Amino acid sequence: MARAKSDSGAGTEATELSEAEIAVHWKEEEYFPPPASFAAQANLKDPKVMDRFALTKFPECYREFGEMLTWDQPWTTTFDGSNAPFYKWFVGGKLNASVNCLDRHLAQYRNKAAFIFVAENEEEPSVPITYQELWVRVNEMAALLRDEARLKTGDRVTIHLPMTPELPITMLACARLGIVHSVVFGGFSGESAGRRAADSGSRVLVTMDGYYRNGKFTDHKPGADAAVAIAKAEGQTVDTVLVWQRHPGKYLSQAKLVDGRDKVVNELLPKYRRKTVEPVSMPAEAPLFLMYTSGTTGRPKGCQHATGGYLAYVTATSKWIQDIHPTDVYWCMADIGWITGHSYIVYGPLALAATSVLYEGIPTFPDPGRPWRIAERLGVNIFHTSPTAIRQLRKLGPEEPTKYDLKFKTMTTVGEPIEPEAWRWYFTKVGKGKAAITDTWWQTETGGFLCTTKPGLDRMKPGSAGPPMPGIHPKILDENGHEVPVGSNKAGNIVIQSPWPGLMSTIWGDAERYKKTYFQKYNTKPASHDWRDWPYFAGDGALLAPDGYYRILGRIDDVINVAGHRLGTKELESACLTVPEIAEAAVVPVTDEVKGRVPEVYVSLKPGFTASPEIEKKVAHAIETEIGKIARPKVVRIVPDMPKTRSGKIMRRVLASISNTMDVGDVTTLSNPDVVEQIRVLVQGKAKVVTKTAPEDIKKFGQAE
Ligand code: PRX
């Protein structure tokens, strides 16, 4: 197999590689067998599982997933593909998600912790919440949502809460009533929440006064006021704002409560003590929630997930890949505000009666030993986090994990590619060489894992997500729809040939966009209603090795993966344009040692304005306000003009090359080629530096333009 010269991406020497070979910037890695102690107790032990889920067994193979749930009414049709690519799973079946996560466990696990809440402040004792108590609190909140906010089945509610138990309580209370929740990551700004509230048509917003992050109390309620204003500007009235208190009984926000609109949940709850709410039996295809994610165009898309298919898929993947048994203490260090938290902190683990740890703060507060102290203290034996967190913890406290008695049987990574070096640290220092590691590739749209090793069966290979999940049938296609030969070392676009129950049902309110974004690219028969004609286009570049392992290279669209979170470049650019002095903006990804990628911003000014640090600050501030701190740019650069094609399109690819010290390529056909050198000097200084070690997604960035 051909090898790239610069493995691990660390070298800076220029490599002479053809486009086809460029993909392999990590060399093939050694295999690690699954630890025998793990394999012996694994939920998934059947070596023939891939045969059971062969394409020829589609769709009935998925009965097995549906059967992991408790149904009020059994389904009659496992899969309805008659309106491809809009699919329905477990048709005719009825169920309630909160019943599956709570009620059905009460007989056996009433007194077991469903969640253990760990506040960021280490002096605050951790709080276990049993299945019984969670059931009580969810019922009380459901009664409050119904009576106080006048919500009913099918309504949408925007939830903008931090990582405290009130978040899953509110989600499950919605699920109990068949209300569609739309959780917006707590770190997103109020403006972001407002735009999502408008798109989903939410008249109720649930928020909290504040929470702790990096040692400070963050005042969160002002975001709700901004959200209501933005939603109104977009034509959606939010008439009720429900405000939880971080410390019940104390309202700690500086923002005033608005009469008639804002209601403090903790003050109202005593009225609902001991109230129970009959769970609403929902059709399997009824939406359980929306989760907004960024795409190529400016407006985030509301991915709509169905009650039955989604819940079945996250339950099965939690059981087989996370290997959750009811006796396990499981900790996923993600935020519930992202899909990882929905699937693998709340719905999957609770459906399996696990104990799921909920941590409020950042991993490195007050020091990089914190996650390991939490894990040791609570006896966590399944751990789940992102490569960014791993890189950060390794950088700041490489020996910290060795100081604690950690006993992980399995550990997961998610959200971005993990470098083999970081993987090895995770395996040896955190897992002590005894844990099975799964590198799980999937997306907001896909509900649950698509590619990962099966921890009790497959060998691990650092840097590769691995084979597909049973039932997932990927292919790597080139731009013309031809399959890229296995082992050719060529990257292509990864598609999934057949549907699966976790796949979103549609984009909220925009079915056309759903079809166009995810299925149009490789469809040759637009009138067809056969799922075989509609491969799912994931938007990721990937490579298939001869051993059947997939290596995911990154986004091929205008999305930047920052610390495992998706940010649309167009969203950032429109935030820049809210600054009056800015004429044009272009956002490009730059590699970052810890976060993987960070956005770098280029702006040009309207006539009559001169560049100044104040304008740069205003741009950075606008991004934080419009989107949130997570999108903070690495640097804002004011340039004399943007490099443009003759038809006036901004060449982001050229800017990305300059920011990443890559060769800018041929720019002679641009309408203003001279500006490229001016910008290069501005960014890199006079001496020409070309390192060419940027990863595939950056090499390809903006090429579609
Ligand atoms: O580019 C892929 C990357 O994250 C994108 C999905 O982001 P999001 O919808 O926010 O969901 C994140 C959590 C599932 C994908 O298109 N990605 C996700 N997991 C991996 C990954 N890239 C490489 N390896 C992974 N394990």
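A residue is called buried when its relative accessible area is under 20%, exposed when it is over 50%, and partly exposed in between. Keep that in mind as we walk through this structure, which is a predicted model.

Let's start with N214, which has a relative accessibility of 43%, so it counts as partly exposed. You'll find N214 in the loop between β9 and β10. Those two strands, β9 (residues 210-213) and β10 (residues 216-219), pair in the antiparallel sense over 4 bridges. One of the pairings puts Y212 together with its bridge partner F217 in β10. Together β9 and β10 make a hairpin with 2 residues between them. Now look at the backbone of N214: its phi is near 50 degrees, a positive value in a residue other than glycine. Why point that out? Most residues other than glycine have a negative phi, and most peptide bonds are trans.

R274 also has a positive phi, near 65 degrees, and is not a glycine either. R274 sits in the loop between α11 (265-268) and β13 (282-283). With a relative accessible area of 76%, R274 is over the 50% mark and so counts as exposed.

**Two cis peptide bonds**

The peptide bond from A84 to P85 is cis, with omega near 5 degrees. Another cis bond runs from F365 to P366, with omega near -5 degrees. P366 belongs to the loop between β17 (355-359) and α14 (370-378), while P85 is in the loop between β1 and β2.

Is A84 buried or exposed? Its relative accessible area is 2%, so A84 is buried. Leaving out residues up to four places away in sequence, A84 touches S528, H529, D530, W531 and W534.

**An open sheet**

Next, find the open sheet of 8 strands, which has mixed pairing and the order β12-β11-β8-β6-β7-β14-β15-β23. At its edges stand β12 (262-264) and β23 (506-507); each has a single partner strand, so one side of each is left without a neighbour in the sheet. Strand β15 (residues 301-306) pairs with β23 in the antiparallel sense over 2 bridges. Here C303 stands opposite I507 in β23. As background, strands of a sheet pair through backbone hydrogen bonds, either parallel or antiparallel.

**Around the ligand**

Which residues come nearest to the ligand? They are D439, T440, T444, D540 and R555, out of 17 residues around it.

| Residue | Distance from a side-chain N or O atom to a ligand oxygen atom |
|---|---|
| Q443 | 2.9 Å |
| T444 | 2.5 Å |
| N561 | 3.4 Å |

How much of the ligand does the protein cover? Taken alone, the ligand exposes 540 Å², and the protein buries 97% of that. Sorted by class, the shell holds 6 nonpolar, 6 polar and 5 charged residues.

S464 is in the loop between β20 and β21 (474-477). Its relative accessible area is 6%, so S464 is buried. Beyond its neighbours within four places in sequence, S464 is in contact with D439, Y549, Y550 and R551. Among these, D439 is also one of the residues that come nearest to the ligand.

Technical notes. Residues numbered from 1 in each chain as written. Predicted model: local features only at pLDDT ≥ 70, side-chain atom pairs only at ≥ 80, totals over all residues. Heavy atoms only, no water. Near = heavy atom within 4 Å. Polar contact = N/O pair within 3.5 Å; in protein donor to acceptor, adjacent residues only side chain to side chain. Areas by Shrake-Rupley, 256 points an atom, 1.4 Å probe, with all protein chains shown as cover. Nonpolar A, V, L, I, M, F, W, Y, C, P; charged D, E, K, R; others polar. Buried < 20%, exposed > 50% of the residue type's maximum accessible area, 1.4 Å probe, protein only. Contact = heavy atoms within 4.5 Å. Pairing = 2+ DSSP bridges.
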